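User: I have a model open and some questions about it. Can we go through them one by one?

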Amino acid sequence: MAKNVGILAIDVYFPSTCVQQEALEAHDGASKGKYTIGLGQDCMAFCTDIEDVISMSLTVVTSLLEKYGIDPKLIGRLEVGSETVIDKSKSIKTFLMQIFEKYGNTDIEGVDSTNACYGGTAALFNCVNWVESSSWDGRYGLVVCTDSAVYAEGPARPTGGAAAIAMLIGPDAPIAFESKLRASYMSHAYDFYKPNLASEYPVVDGKLSQTCYLMALDNCYKSLSLKYEKFEGKPFSLADAEYFVFHSPYNKLVQKSFARLVFNDFLKNTSFVDEAAKEKLGPFATLSGDESYQSRDLEKASQQVAKPQYDAKVQPTTLLPKQVGNMYTASLYAAFVSLIHNKHSTLAGKRVILFSYGSGLTATMFSLQLRDGKHPFSLSNIATVMDVAGKLKSRKEFPPEKFVEIMKLMEHRYGSKEYVTSKETSLLSSGTFYLTEVDNMYRRFYEQKTSESALSANGH
Ligand code: ACO
């Protein structure tokens, strides 16, 4: 069986168009600090009329193959995770086949996985399981997480975002799965769902979604701890992993989530929680589960106790989710990308725990072991290829009024046919795919911005 199966290479793409949360807050008439401190968000990326989940995934897959020098014929499985519905039948994966058909490779398994923000994790597990299985043919798996997160006007709107992430899967990976250390919690809830097929916007019960998320987190952490104890013969505590990466709808929920894990460790009486912290959390020890989700005092006390460890174990994962917003299926992996960007030189030999959550609800906590990889699959090369800082720097901030105008245009276009886009590509970097037209049979057409078209757009 293949050993150390996991992620060999990653690339990330997010639109260069964005709106500052501080400006949006003022525009929306929210109290100052609500989006920036209250939700913990800095900026939000969004697609204009020339970008969508298909163009973003075409861009990120092409870029990954080129930058790591991967022959497209060597891809044997391609799985997409997304909750952005463009077509109820035709998968996003089939659009991506355009990249591989050119090279004569049509022998590629896999389709799309959908359940809110969890689809990317399902796609990732499918690829990892395939490489570990008897049907593996020795080629690479490729996972794509792609979403455009948009909300109707109102309190949820600042928790949008957009991105696509591609991950190459194979053996001897620098980011290897500890396959036995994986725990899920799945249940039926109406916290966030998209029953209105005529609209891109979800129906969302914001407060319920927060409680569902934390409840799923508790359950996954308990199961994972039990499994660890069974395999390792000792209890698991937060000290047993270097970093914790969370699905990030907005940063405040990530802060609350890590605090919740600290509270779990306190209840388990692990050595991770010191005497001073025990004293602060003591008054909450007898709360029932339900009471503990509603207790604002517990939330405050546990966040305060957790702060130094949050800064060490979580903060390095928060860059892209704070700057780009919720990317749904790509959010968790954008947090992981941020960790590699910030810490690639010190990650080898470290365990990282990830928590994936998708409303409705599905959740899994799983463990990765990081190792030195061989070029081009080394952690430092992955950081170089992703160029997170460069991509953030070359963005264009739009005023909130313009953002709202674009959202209105996109609402109008959603599900419609017979339109030609603006083809305004001056903000796209060379190599980016964009939507040119949806014809009278709803067929979508894309082009790639080439370096020549980039030069002529710049007037050279
Ligand atoms: N300065 C500082 N903080 C402020 C200010 C201010 N001026 N005003 C409000 N706040 C704080 C609040 O106290 C609150 O923080 P707390 O939870 O630590 O107390 C925070 O800002 C948010 O304020 P709320 O009044 O709770 O916000 P509201 O209810 O209007 O909306 C919500 C927040 C529910 C998250 C909404 O944005 C939403 O529905 N988003 C989509 C759902 C979502 O993302 N759910 C997460 C899991 S599911 C998924 O991934 C899609």
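Predicted model: local features only at pLDDT ≥ 70, side-chain atom pairs only at ≥ 80, totals over all residues.

User: How far is a polar side-chain atom of K256 from an oxygen atom of the ligand?

Analyst: Several side chains place an N or O atom by a ligand oxygen. For H247 the distance is 2.9 Å. For K252 it is 2.8 Å. For K256, the polar side-chain atom lies at 2.5 Å.

User: What share of the ligand's accessible area does the protein cover?

Analyst: On its own, the ligand has 1000 Å² of accessible area. The part of this that the protein covers is 78%.

User: Is α7 roughly parallel or roughly perpendicular to α10?

Analyst: Helix α7 spans residues 251-268, and helix α10 spans residues 296-313. Their axes come within 7 Å and cross at roughly 95 degrees. Angles of 65 to 115 degrees count as roughly perpendicular. Therefore α7 and α10 are roughly perpendicular.

User: How many charged residues does the contact of α7 with α10 have?

Analyst: Residues meeting here include K252 and K256 in α7, and R296 in α10. By class, the contact has nine nonpolar and five polar residues. The charged residues number six.

User: Which residues of α1 make the contact with α15?

Analyst: The axes of α1 and α15 come within 9 Å and cross at roughly 80 degrees. From α15, the contact uses P400, E401, F403 and V404. From α1, the residues are A23, L24 and H27.

Notes: Residues numbered from 1 in each chain as written. Heavy atoms only, no water. Axes fitted to C-alpha atoms, helices over the stretch in contact; angles between N-to-C directions. Helix = DSSP H or I, 4+ residues; strand = E, 2+ residues; numbered from the N terminus. Parallel < 35°, antiparallel > 145°, perpendicular 65-115°, else oblique. Contact = heavy atoms within 4.5 Å. Nonpolar A, V, L, I, M, F, W, Y, C, P; charged D, E, K, R; others polar. Polar contact = N/O pair within 3.5 Å; in protein donor to acceptor, adjacent residues only side chain to side chain. Areas by Shrake-Rupley, 256 points an atom, 1.4 Å probe, with all protein chains shown as cover.
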